[in-house]
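Subject: Structure handover

Hello,

Here is the structure we talked about handing over. Please look it through; my notes follow below.

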Amino acid sequence: MNKLHSLNRLINEDSNKYFIRTYGCQMNEHDSEQIAFMLNKAGFKRTEDIDESDLIILNTCSIRANAENKVYGLLGQLKKYKKDKNNNKIIAICGCMPQRESSLEELTNKYENIDIIFGTNTIHKFPELLLNYINENRKEIAVRESFNLEYEVLGYSYLYSHKAFVNIMYGCNNFCTYCIVPFTRGREVSRPLEEIITEVKKLAKNGVKEITLLGQNVNSYGNDFDKPISFSELLKELDKIEGIEQIRFMTSHPKDISDKLIQSFQSLNNLERHLHLPVQSGSNRILKEMNRTYSREKYIDIVNKTRKLNPDISITTDIMVGFPGETEEDFEETLDLVRICEFESAFTFIYSPREGTKAAKMENFVDKDIINDRFKRLTDLLYEIALKKNIKLIGSVQRVLVDEISKTNDEYLNGRTSSFLNVNFKGEKDLIGKFVNVKIIDANTFALEGEIIDV
Ligand code: 5AD
Ligand code: SF4
């Protein structure tokens, strides 16, 4: 806190605006909420206009090359600010890119305009780095390999007042052969149960109704404790907290899904009917090359079991196209799995080689045109299934937590069903943060349209 006070004394009304852009996953979004909290406490004010800002923070992602390229592109444009003495903004880079040795090297060597660099595991150091920079005009770098639970999270500046992300663990031990995350975020570290409960109780007291538990692989929560506890035990404890009406979580690894977790969707009052379960590929050969450690049969079995026990659940996934050596037969197996599992929706990605991972050393890259063709066939199939499933919901009544005014039409509100489907409906903005019952009257591939029938 002291550093925040010292910062507060240094800044003044004319130079206290910060702009923050977040790339990548919910973890990064949540990290940005923490950065925003510290800056707000120190007296900075957030702006969405990069030109009028005094401090620019880019919270970066390394998962695919295009995520990094966007940052390099923007950094190039930001050079103009350093040439102009009257508009000399402080530029800070954080997130996953500084955690990778090769990107860190490029950032430090090629982009002289960067003043402060910190990583995913050193967010708490930002006020100190900023203070040093302002006081001594000293470029600052602070990166740490793994997360240290010792550091005190001061708070978060939440984007919504009715829902919040809650970190339950950091890092990943799985080393899927294509993935950079274990290198950027380090090994798995679970947050103590009591600490999570305290945070969620505090959120409930402040009016938060929905929490989303975050971790790269929430199903292995607690495995690193001396006395291990399971993810379903954590859910059971959180389900008891008064005021929290909806609990969601992401992401799950299929290798760690337990029967107990599948049953939790029935046995717990507040666990919402949505499971995000990345499959990546439907081919056993490719799954093995990816080091995913489950088979397509095991995956399909989990999906069938989950749907049988929870008929109203939605199951979503991540699928990658063009992993090295992927043949037409392998890809057909992915399409076949999609037909069997009938996902409500999916994130689809084109494989992107990440230096330092095992897959990046594989030589049998798939031709670009073939990848593009497969990607289109895959998304066509996914959209066809999503539309069919959404149309089936016309006429049903869904309980929806109202999130915000629709981005495309300000007469409409937007929210999610229990199963995380997007719903748009007419309504007044004072309903934001409240539950409404909505009758579904229309559907397209990506969203439902409804009418409020009662509040
Ligand atoms: N290339 C493409 N997609 C990737 N993902 C992870 N690493 C890569 C990569 N190198 C995808 C996976 C993961 C999601 C978050 O990003 O599908 O589940
Ligand atoms: Fe990456 Fe695999 Fe860990 Fe997910 S489980 S973060 S894909 S290494």
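This is a predicted model: local features need pLDDT of at least 70, side-chain atom pairs count only at pLDDT 80 or more; totals for chains, interfaces and linings use all residues.

Overall picture

The protein has 13 helices and 19 strands. Its radius of gyration is 23 Å, close to the 23 Å that the globule rule gives for 455 residues, so the protein is as compact as a globular protein of that length. The C-alpha trace spans about 65 × 55 × 50 Å along its principal axes. Of the 455 residues, 53% count as buried. Taking contacts between residues at least 6 apart in sequence, 73% join residues at least 24 apart.

Salt bridges

A search of the whole structure finds 30 salt bridges. Side chains of opposite charge can pair when their charged atoms come close. Besides the pair described above, Arg273 forms a salt bridge with Asp312, with the closest N and O atoms 3.7 Å apart. Here too the pair links distant parts of the chain, 39 residues apart: Arg273 is in the loop between α9 (259–267) and β12 (274–276), and Asp312 is in the loop between α11 (296–309) and β13 (314–321). Arg273 counts as buried, at 19% relative accessibility. Glu136 and Arg138 meet through their side chains in a salt bridge of 2.6 Å, N to O. Glu136 is partly exposed at 46% relative accessibility, and Arg138 is partly exposed at 37%. There is also a network in which salt bridges that share partners join Glu326, Glu328, Glu332, Asp373, Arg374 and Arg377.

Around Glu140

Arg138 also makes a polar contact of 2.9 Å, side chain to side chain, with Glu140. Glu140 lies in strand β6 (residues 140–142) and is buried, because its relative accessible area of 9% is under 20%. The side chain of Glu140 has a polar contact of 3.2 Å with the side chain of Asn132. Leaving aside neighbours within four places in sequence, the residues in contact with Glu140 include Asp115, Ile116, Ile117 and Leu129.

Side chains that meet the backbone

Ser352 sits in the loop between β14 (345–350) and α13, and counts as buried at 12% relative accessibility. A polar atom of the Ser352 side chain lies 2.9 Å from the backbone nitrogen of Ala65. Not counting residues up to four places away in sequence, Ser352 touches Arg64 and Ala65.

Asn173 is in the loop between β8 (169–170) and α6 (181–184), and is partly exposed at 38% relative accessibility. A polar atom of the Asn173 side chain lies 2.8 Å from the backbone nitrogen of Glu188.

Surface

Leu387, Ile391 and Ile394 form a nonpolar patch on the surface, with about 220 Å² of accessible area together. Ile394 is in the loop between α13 (368–392) and β15 (397–405), and counts as partly exposed at 37% relative accessibility.

Regards

Terms used:
Residues are numbered from 1 along each chain as its sequence is written. Chains are lettered from A and ligands numbered from 1 in the order in which they are written. Side-chain values use heavy atoms; hydrogens and water are left out. Patches are made of residues with over 30% relative accessible area and no salt bridge: like charges are joined within 9 Å, nonpolar side chains (Val, Leu, Ile, Met, Phe, Trp, Tyr) within 5 Å. Accessible areas come from the Shrake-Rupley method with a 1.4 Å probe; for residues, only the protein chains shown count as cover. A salt bridge is a side-chain nitrogen of Lys or Arg within 4 Å of a carboxyl oxygen of Asp or Glu. Helices (H or I, at least four residues) and strands (E, at least two) are DSSP runs, numbered from the N terminus. Buried means under 20% relative accessible area, exposed over 50%, partly exposed in between (1.4 Å probe, protein chains only). The radius of gyration is taken over C-alpha atoms; the globule rule is 2.2 Å times the number of residues to the power 0.38. Contact means heavy atoms within 4.5 Å. A polar contact is a pair of N or O atoms within 3.5 Å; within protein, one must be able to donate a hydrogen and the other to accept it, and residues adjacent in sequence count only if both atoms are side-chain atoms.
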